Amino acid sequence: MNPILEAIDVRKAYANHVALSGVSLVIPEGSIFGLLGPNGAGKTSLIRIITQITGADSGEIRFRGERLNPSHIAQIGYLPEERGLYKKMKVGEQLLYLAQLRGLSRTDATARIKQWLARFEIKEWAGKNVEDLSKGMQQKVQFIATVLHQPSLIILDEPFSGFDPINANLIKDEILALRDQGSTIIFSTHRMESVEELCDSIALINKSRKVLDGSVTDIKNQFKTNTYELEGRGRFMLTHPDFEVLEQKERENGYVYARIQIHAGATPNDLLRFAMTQLEIQAFRERIPSINEIFIRRVGETMPESLVEIAS
Amino acid sequence: MDKIWLIIQREYLTRVRKKSFLVISLLAPLLMVGSGIAIGKLNSASGPDTVAVHDESGLNLLGQLQDNEDVHFVPAAAGSLATAQAAFEKAKPKQAALLNFPAGFALDSTKGIQVLSKGNVSLNRQNNIRKAVNKAVSELKMARSGLKQETISNLQARVELTAINLDELGGKRNDVGVTTAMAYILSILVYMFIFIYGVQVMRGVSEEKSSRIMEVMISSVKPFQLMMGKILGIAGVVLTQFGLWMALSWSISTVVVPMLLKSDKPSISTAAPSGHGVTSTAPASAPSAQAPAAAAPATAEAVAPRPGQFSLWSVLEGLPIGSIIGGFLFFFLGGYLLYSALFAAIGSAVDDQTDAQQFMFPVTVPLILSYVVSINVIINGDPNGPLAFWLSMIPFTSPIAMVMRLPFGVPGWQLLLSGALLIAGFVGVTWVAARIYRVGILMYGKKVSYKELSKWMFYKG
């Protein structure tokens, strides 16, 4: 797949700190790309460079192979973390205005606004002032404003904050639908469970540097520790040089749970064979680290403890 | 470029469609013309003050006090001061004051004169009475010194001045009063509008910032486009408002007012120049109204200009109307653009409007100063003096100072030079403001200082 966006050694410094020190990324077209990192890592700086709000000190951003320039604005949709709309403006007019600023014609915009408002079941609100809408509804309007001009690259900064679970689901479905229609989505978030659900690939930025990137599956495999989870009934006593019990718990009615790491040379089948001698096996599965765990592990390596808590 | 046009449209339409815009546009001319009429009526109704004179000095001062257009002296009730006072309080029609010359009053000891009244006596009224008393006493003194009345009359200088402006063509009459009133009105309009609409720009920017729409906006357009779009859109609002006011004031004062005031035509426009302040800029849109106006006060139809106007129109003819209107629009717009760019920079630098106060100070000071100083230098001083010249050249003061000078007539080269300087000033100020704006709109939660602002100017893109 061709990359829709490439960042090549992007650097950005402000008066008192360095926001990005040589970040390079490749974002494949038609994927959902998670941009992860603790607060202040440089995510927003990178996004603002991609949206051309600010410029990089050095390095280059390429959009479909071309150096990023103002003509690309019409192909990018951006939902900032800090949401906002003109409060005293009617919903319909506001959407029309924002769409026109993104280069959409008046007639196209009007037709699409109708479709989207109907899709989000807020058609009857088109003539209302934004300030009369509930917060959730304002968020929907803002989401519509982001995607109305059918951008091929959509940047969503914490898209689920402020949504109740039902609407968050609605937005999630829309994101997936947009991806299926060929849009690429850059998705910046702290919420790791949504990353697992949605992202095809991720990049982790910490302290102005990219510390990790790749497809979600690859990264998870890379962080696997050959650890297995075992559940069964009976008495379980494991003393074998090939296996190391990381955790063992007695549960109700004589059930046992154990987390076991297999050392090099042995296989999961060896472990299972051994366990079968002691237990009536109910479950046996490989323990795959969650993105959350990987995040904390990688960020924690370079961060003091207190900040890790915040990040998780 | 079409994006900035979209922004201008939005800024313009959202403001013009507001109810408050309509209300102000309709009410302001009504209020102005209405208050003009009211002042005219009151002035013509009130006439000179009646002052009762109680004289215990035995000098027969009442005989010496001469009535003038402001004061009319009448004898107070005979008897003691208390009797006179009681009579004064009950007097009908009402008397303005009771003037008391005490028993000890003599030409050599002129102390102890009292002015009694209900409520405070205005300074103006006191002055009028004092002048009359001064005159009476000095005449008595001169008479006592043995000079004949003729000699006294001959000694007193009575000079009258007729001002003829040689720059004006054909030696037209040039009424200093109207010129001055015009200078006041034009400059206060410029001052007010720059201030009011400059603050609107500032508020608009800080609303965009605090409602957090800013980031979405500047991912679509350049910060400079957003700033200029807002400034120009609001300029459109101002011009629309001006246009409405002129048209309304003109039609009210030429059509409605004469119909209402068929009886006392002459008093309106002459007695109340303020009522016609806005109207007075209108003749360009109504050139036909001037021509027949100079004719005799015949009974005209209600639609035609009424005799009440002709004295005003004819003095306006003596003024450089073309350069006044053109100059007014140019210097107003130039001043507005320059100051509103600064206001936009302030709006971008602060998180909420309460913080804006400290930064508004240095912006409003030149505005206020140029108004106050200009009044002293131009209206009360020499409209073509060196200080007036420099005030009308510096871009920060020229919008007000030059507009104030316009009715007095300004040489063409000065208008051009000042205009060019204003444009240069506007470009320079906008450049600085845009650099602050660009950084400011994305700064949140930071207490901004002047030092900080000056750093922003040098941030790279």
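Colleague: Which are the buried residues of helix 17 of chain B?

Modeller: They are S418(B), L422(B), F426(B), T430(B), A433(B), A434(B), I436(B), Y437(B), R438(B), V439(B) and G440(B). Buried here means 20 or more other C-beta atoms within 10 Å of a residue's own, with C-beta atoms placed from the backbone; 12 or fewer is exposed, and in between is partly exposed. Mind that this is a predicted model: local features need pLDDT of at least 70, side-chain atom pairs count only at pLDDT 80 or more, and totals for chains, interfaces and linings use all residues. Residues are numbered from 1 along each chain as its sequence is written, while chains are lettered from A and ligands numbered from 1 in the order in which they are written.

Colleague: Why is Q150(A) called partly exposed?

Modeller: Because Q150(A) has 18 other C-beta atoms within 10 Å, it falls in the in-between class. Q150(A) is found in the loop between helix 4 (135-147) and strand 7 (153-157) of chain A, and its phi is near 45 degrees, a positive value in a residue other than glycine.

Colleague: And what makes K207(A) partly exposed?

Modeller: K207(A) has 16 other C-beta atoms within 10 Å, so it is also in between. K207(A) sits in the loop between strand 9 (201-206) and strand 10 (209-215) of chain A, with a positive phi of about 50 degrees although it is not a glycine.

Colleague: How do you know that strand 1 and strand 3 of chain B pair?

Modeller: Pairing takes at least two bridges found by DSSP. Strand 1 (residues 49-55) and strand 3 (residues 97-101) of chain B are joined by 5 bridges and run parallel, so they pair. V51(B) stands opposite A97(B) in strand 3. The open sheet has 4 strands in the order 2-1-3-4, with mixed pairing.

Colleague: What makes strand 2 (71-75) and strand 4 (114-116) of chain B edge strands?

Modeller: Each of these strands pairs on one side only.

Conventions
Helix = DSSP H or I, 4+ residues; strand = E, 2+ residues; numbered from the N terminus.
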